[in-house]
Amino acid sequence: SEHPVKGMRGGNLSGLALCGQDLWTVSDRDDDQIYKLDTRDSAWQADAVKLEVPAVPDTGLPWGLKSRTWAASFVRGGDLDFEGISCDAAGNKYVISEAHAAVLQVPAQGAPAWLKISPIMVREARASGMLLHFNALFEGLAVNPAGDRIWLAAERERRGLLLVKRGQTTWDCDGGCVLLS
């Protein structure tokens with residue numbers, strides 16, 4: 001079915017996930033909040049959940065892509081460009097920043113933190129022809145129920161699917177990161 005969504009500050013609903021019994025979404029214009037959707041009426045209400053997002057770590061993207069992202073943030077509004085949201089069985093939410101090729105974990109309790117993903121993932125993706133163009137990086141993600149594997153969907157010019165697994169201190173590739181390109 002189709003439903004209008006009210007209450008999103010920046011509009012641009014950009015991802016959707018069913019977490020338990022609740023629907024969650026993000027906007028690619030809002031860097032400091034995610035939304036829980038109240039679906040009881042035909043027009044859904046987006047209830048903002050404020051986030052204190054820490055500084056984005058270096059993910060290994062080249063300077064040219066980073067500078068275009070920085071410049072676009074003044075026009076578009078928002079630097080992070082949230083594109084997808086997913087969750088694990090423990091209630092943690094995971095949000096992908098397309099602009100930075102980074103994953104923000106929003107725990108059920110506590111402060112959000114960027115996952116420490118090995119820069120090998122970006123290198124392998126770029127070597128496969130993915131993540132080469134501005135605003136054509138990651139468009140979505142999926143997390144397994146245990147919260148120890150994340151699949152990342154690269155869009156447009158050289159689409160593909162990557163997998164990272166939680167290790168001792170970083171999220172890394174088990175063999176290769178690129179599953180499909």
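**Salt bridges and cores**

A: Happy to! Let's start with R9, which forms a salt bridge with D30, the closest N and O atoms being 3.2 Å apart. A salt bridge here is a side-chain nitrogen of Lys or Arg within 4 Å of a carboxyl oxygen of Asp or Glu.

Q: Where in the chain do R9 and D30 sit?

A: The pair links distant parts of the chain, 21 residues apart: R9 is in the loop between β1 (5-6) and β2 (13-19), and D30 is in the loop between β3 (22-27) and β4 (33-38). Helices (H or I, at least four residues) and strands (E, at least two) are DSSP runs, numbered from the N terminus.

Q: Before we go on, what kind of model is this?

A: This is a predicted model: local features need pLDDT of at least 70, side-chain atom pairs count only at pLDDT 80 or more, and totals for chains, interfaces and linings use all residues. Residues are numbered from 1 along each chain as its sequence is written, and side-chain values use heavy atoms, leaving out hydrogens and water.

Q: Thanks. Is D30 buried or exposed?

A: D30 is buried, at 2% relative accessibility. Buried means under 20% relative accessible area, exposed over 50%, and partly exposed in between (1.4 Å probe, protein chains only). R9 is partly exposed, at 49%.

Q: And which residue does D32 meet in a salt bridge?

A: D32 meets R9, at 2.5 Å from N to O. D32 is in the loop between β3 and β4, 23 residues from R9, and is partly exposed with a relative accessible area of 28%.

Q: What about D38?

A: The side chain of D38 forms a salt bridge with that of R40, also listed at 2.5 Å, N to O. D38 is partly exposed at 21%, while R40 is exposed at 71%.

Q: Which residues end up in one network?

A: R9, D30 and D32, joined by salt bridges that share partners.

Q: Changing topic: how many residues has the largest nonpolar core?

A: It has 25 residues, and those with the most contacts inside it are V103, M121, F138, I150 and L152. A nonpolar core is a set of buried Ala, Val, Leu, Ile, Met, Phe, Trp, Tyr and Cys residues joined through side-chain atoms within 4.5 Å.

Q: Which elements give two or more residues to this core?

A: β7 (93-97), α2 (120-127), β10 (138-143), β11 (149-154) and β12 (160-166).

Q: What is M121 in contact with?

A: Leaving aside neighbours within four places in sequence, M121 is in contact (heavy atoms within 4.5 Å) with A101, F138, L152, L162, V164, C173 and C177.
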